[in-house]
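Welcome! Here is a short briefing for anyone meeting this structure for the first time.

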Amino acid sequence: MSKIVVNNESEVTERLTSEISKCAKRAIDERDAFRIGLSGGSVLNFLCKAIPKIQTDLSKWKFFFCDERYVDETHPESTYGVYKTKLVPETNLKLQQFVPINISLPLNECAADYERKVRDEFGISNSEIPEFDLLLLGMGPDGHTCSLFPNHALLQEKSLLIAPIADSPKPPPKRVTMTLPLINNAKCCIFAMCGASKAEMVKRVFVDKEDLPAGKISPKNGELILILDTEAGKYL
């Protein structure tokens, strides 16, 4: 795990921009495509500032969602909806480069459908696990990441790569999420966080090693990077 602490939010964005750029270049050079998993919240704010600064062929980027709320894209809780209205207009990205969930399906089928879409993108069999180039992750005040919450049964999921959750302790209750086998097969996972409100949980997860979901992120063949400002990283 690489722990990077910089002075402020602007420098967090700069460093995140650099790391994304490296991942994108490597992926496009090797496979002519860059497959990235997105989260909501502050990740969106960072990306809106970062992507316009990256020298890259954006047409080769493909966006999936590390988790998504089971709501219509016009709902304020829709992660895809926010990226559609906030990020796409600021870049040369096309909506076709984003792979949203299909909420016209029942929740369980929606998750299974999204797993099929992921597998189809990577062109692999049901026995293989896709290897995302980069997953941009967030961490909640309870230590959750994606829609993997403390003490939830999905933390033990071994067979599903994309799972439904109908009892999220954080509303809305119905969601679709990547599971640990998929997350931990990524080439790179990044947490970028700012502010004093993150400091205590950063300490609990990454210093004290408490048994919390964000602490279970450990790419088996890739790298884990924390990018924090001095307030968020003051206990590191």
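Helices (H or I, at least four residues) and strands (E, at least two) are DSSP runs, numbered from the N terminus. This is a predicted model, in which local features need pLDDT of at least 70 and side-chain atom pairs count only at pLDDT 80 or more, while totals for chains, interfaces and linings use all residues. Residues are numbered from 1 along each chain as its sequence is written, and side-chain values use heavy atoms, with hydrogens and water left out.

**Helix α1**

- Helix α1 covers residues 9-31, and at 1.5 Å a residue its 23 residues should span 33 Å; the expected span is 1.5 Å times one less than the number of residues. The C-alpha atoms at its ends are 32 Å apart, which agrees.
- At the start of α1, a side-chain oxygen of Asn-8 comes to within 3.2 Å of the backbone nitrogen of Ser-10.
- After α1 comes Asp-32, which has a positive phi, near 65 degrees.
- Several α1 residues are buried, among them Leu-16, Ile-20, Ala-24 and Ile-28. Buried means under 20% relative accessible area, exposed over 50%, and partly exposed in between (1.4 Å probe, protein chains only).

**The nonpolar core**

- A nonpolar core is a set of buried Ala, Val, Leu, Ile, Met, Phe, Trp, Tyr and Cys residues joined through side-chain atoms within 4.5 Å.
- The largest such core has 79 residues, of which Phe-34, Trp-61, Phe-98, Leu-136 and Phe-191 touch the most other members. Helix α1 gives the most to this core, with seven residues.
- Beyond its neighbours within four places in sequence, Trp-61 is in contact (heavy atoms within 4.5 Å) with residues including Ile-20, Ala-24, Ile-28 and Phe-34.

**Aromatic pairs**

- Rings of Phe, Tyr and Trp (its six-membered ring) pair if their centres lie within 6.5 Å; planes under 30 degrees apart count as stacked, over 60 as edge-to-face and the rest as tilted.
- There are 10 aromatic pairs in the structure. One of them joins Phe-34 and Trp-61 edge-to-face, at 4.7 Å centre to centre with 80 degrees between the planes.
- That pair links distant parts of the chain, with Phe-34 in strand β2 (residues 34-38) and Trp-61 in strand β3 (residues 61-65), 27 residues apart. Phe-34 is buried at 0% relative accessible area, and Trp-61 counts as buried at 1%.
- Phe-65 and Tyr-80 also form an edge-to-face pair, 6.0 Å centre to centre and with 80 degrees between the planes. Here Phe-65 sits in strand β3 and Tyr-80 in helix α3 (residues 79-86), 15 residues apart.
- Ring pairs link Phe-34, Trp-61, Phe-63, Phe-65, Tyr-80, Tyr-83 and Phe-98 into a cluster.

**Salt bridges**

- The structure holds 20 salt bridges, each a side-chain nitrogen of Lys or Arg within 4 Å of a carboxyl oxygen of Asp or Glu.
- Glu-131 and Lys-187 meet in one of them, at 2.8 Å from N to O. This pair links distant parts of the chain, 56 residues apart: Glu-131 is in the loop between α4 (107-122) and β5 (134-137), and Lys-187 in the loop between α5 (180-183) and β8 (188-193).
- Lys-187 also bridges to Asp-133, at 3.9 Å from N to O. These two residues lie in separate loops, so the pair ties together parts that are 54 residues apart in sequence.
- Glu-131 is partly exposed, with a relative accessible area of 32%, whereas Asp-133 is buried at 2%.
- Glu-30, Arg-31, Glu-131, Asp-133 and Lys-187 are linked in a network of salt bridges.

Notes
A polar contact is a pair of N or O atoms within 3.5 Å; within protein, one must be able to donate a hydrogen and the other to accept it, and residues adjacent in sequence count only if both atoms are side-chain atoms.
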